[in-house]
Amino acid sequence: MEHLRAPFAGPVLSYGKQAMNVGYDGTLKMLATLGIVPHPDGMVDPPPPDEYIDFARLFRLLGLGELQTLDVSAYEGAEIIADLNLPVPLELTSRFGLIVDGGTMEHVFDIRQGMKNTADMLLPGGRAVHISPMNNYVNHGFVQLSPSLYQDYYAANGFDDLRGIVIAQPRAEILSTDWNFVEYDHTTMCGENSIFCSEETQMAIYFSARKNAASTSDRVPAQSSRGGTGNQFVISHGAGQPKIQQISEHDPGPTVPAHELVHVGFGSGRELHRL
Amino acid sequence: MFESLGLRPHTDGLADPPPGKAEIDFARVIALLGLGALQTLDADLNLPVPPELAARFGLIVDGGTMEYVFDIRQGMMNTAAMLRAGGRIVHVSPVNNHVNRGFAQRSPTFYHDYYVENGFDDVRGIMMVQPRSNTLGRRWNMFQYDHVTLGGVNSMFCSEETQLGVYFTARKNAASTSDRIPVQSYFTRVYDGMDALPGQYVITYEPAQLNARQISDPEPRSGAVALFTPIWSLRGDAGRDS
């Protein structure tokens, strides 16, 4: 969806070896639903249909070339060994068109350094993508990242095209059933305690931003939303129920329906529905 | 509250009492406890604090600041550096269902792993179970954070009517450091081939009791549910009972 909205470009760096929760056939179906023609590079030596595909194949299918992986140890065969708690080597500066943090930043104790490293390694025009635990993921990492961390850091450092999507997942059978994707609108949702979920839902945040030639990496943001708007929402997983429900005492206005984005069933059919 | 705890208020705190119903500030609590005059810091914790503040305090209270400090590592280093040997840090921080309250919600393993890595003593957490609506006007339930049972990933979930906070404390000693960066203890255990701390619980706020439903299978450790015996219940309305 995000590749369609604003196409990604390589070279691609992934933090850690990551896999999709979808097999090769499911991925091809998903690309077909989205109207994306798979790149032939990704179709060489196809894996068994029911095996989850890794990020390397996904990005080849998207025509973004060969993926490189950065990790703190050589344990999983990463090409670049670096600790994001420390400044990355200078030769990695301005190297990547896309950096995917699919679940690393929450384990980095020094988040400021981790974010600075990410911003430094991007080419101007390159994009950072974070997918991080946001709520009902206690002790998954050191912290759960709130959207305001990414929003305020990238805004303070002059990045463009800031975009967040809340991912509501079922706690039980997280990989098998219905996820909802709800747009994070900072104007209505920036307030403290703005988003809640039930004990049956876990929430992750997808956040992306694009570096430009004037972007910085070392500005430390103050939280833009402190005090906030008073708007409060409950966001749920599952196809059947309202994906987002307003629970604050005052009406935040007519923007709410725009938040509802897409529902993805990773069940047997591995279907993707546009809303 | 002091009476029910059997604490004798210090005379310093009884001078010029404020109106009975008014909320009292930290300065008066500290004076009532006989801890002298409170100093308040409003320096930028994102930057190293001035060297003259090193090893100055016997107690540092972070009652909801650290979650707004973008440079988490520097904020923690500053706090540890400002404590005297023997001094204690107290954090009270949002843990769950507090999205956008601060840049990041703290998981208990964050404080646990940092203070253990830096050689602090008496590392102790208390989970605070709070109602989402009228949070300050209703009773909170508290239970001890047991890292052996609850230190694993995704160990605590709550309903949309429940918020979780953590009280965390640790004591500096003469050999404590402040600059060591921890690896999350869950992963250290897994890499070392130890048990993966499998406890998972749904914690739901109810005014009269603590409701913790175990959802991990099998039970992480015999009798672990007993950990959720409320150790404290605090009512924040006019009566301020404890």
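## A strand pair in chain B

B:Tyr201 stands opposite B:Gln214, a residue of strand S9(B). The structure is a predicted model, in which local features need a pLDDT of at least 70 and side-chain atom pairs count only at pLDDT 80 or more, whereas totals for chains, interfaces and linings use all residues. Residues are numbered from 1 along each chain as its sequence is written, and chains are lettered from A and ligands numbered from 1 in the order in which they are written.

Strands S8(B), residues 201–205, and S9(B), residues 210–214, are antiparallel and share 5 bridges. Here a strand is a DSSP run of E with at least two residues, a helix is a run of H or I with at least four, and both are numbered from the N terminus. Two strands are said to pair if DSSP finds at least two bridges between them. A hairpin of 4 residues connects S8(B) to S9(B).

## The sheet around this pair

Which strands make up the open sheet of chain B with 3 strands? Their order is S6-S8-S9, and the pairing is mixed. S6 (156–158) and S9 of chain B are the edge strands, each pairing on one side only. On average, neighbouring strands of this sheet are turned by 30° against each other, direction ignored; the axes used for such angles are lines fitted to C-alpha atoms, for helices over the stretch in contact, and angles between N-to-C directions run from 0 to 180 degrees.

The parallel part of the sheet is the pairing of S6(B) with S8(B), over 3 bridges. In S8(B), B:Val202 stands opposite B:Phe157. In general, strands of a sheet pair through backbone hydrogen bonds, either parallel or antiparallel.

## The two chains in outline

Chain A contains 7 helices and 16 strands, and chain B contains 6 helices and 10 strands. Of the 275 residues of chain A, 44% are buried; for chain B, with 242 residues, the figure is 36%. A residue is buried if 20 or more other C-beta atoms lie within 10 Å of its own, exposed if 12 or fewer do, and partly exposed in between, with C-beta atoms placed from the backbone.

Two residues are in contact if their C-beta atoms, placed from the backbone, lie within 7 Å. Among contacts in chain A between residues at least 6 apart in sequence, 74% join residues at least 24 apart. In chain B, residues 24 or more positions apart account for 72% of the contacts with a separation of 6 or more.

## Where the chains meet

How many residues of chain A are in contact with chain B? There are 39 of them, in contact with 39 residues of chain B. The elements of chain A that give two or more residues to this side are H4 (111–121), S7 (122–135), S8 (143–145), H5 (147–156) and S11 (195–196). By type, the residues on this side of chain A are 17 nonpolar, 16 polar and 6 charged. Ala, Val, Leu, Ile, Met, Phe, Trp, Tyr, Cys and Pro count as nonpolar, Asp, Glu, Lys and Arg as charged, and the others, Gly among them, as polar.

Strand pairing also links the chains: S8(A) runs antiparallel to strand S3 of chain B (residues 104–106), with 3 bridges between them. Within this pair, A:Val143 stands opposite B:Arg106.

## Two enclosed helices

Why is H5(A) described as largely enclosed by the rest of the structure? The reason is that 8 of its 10 residues are buried, among them A:Leu149, A:Tyr150 and A:Tyr153. After H5(A) comes A:Gly158, with a positive phi near 70°.

Helix H4(B), residues 108–117, is likewise largely enclosed by the rest of the structure, because 8 of its 10 residues are buried. Its buried residues include B:Phe110, B:Tyr111 and B:Tyr114. B:Gly119, which follows H4(B), has a positive phi near 70°.

## The nonpolar core

The largest nonpolar core has 99 residues, and A:Val166 and A:Ile235 have the most contacts inside it. Such a core is a set of buried Ala, Val, Leu, Ile, Met, Phe, Trp, Tyr and Cys residues joined through C-beta atoms within 7 Å. Strand S12 of chain A (residues 201–210) gives the largest share, 6 residues. Not counting residues up to four places away in sequence, A:Ile235 touches several residues, including A:Val166, A:Val182 and A:Ile195.

## Confidence in chain A

The pLDDT, the predictor's confidence in each residue from 0 to 100, averages 87 in chain A, where 87% of the residues score at least 70. Residues 266–275 of chain A have a pLDDT below 50, although this stretch has 23 contacts in the model beyond near neighbours in sequence. Where pLDDT is low, the predicted coordinates should not be read in detail.
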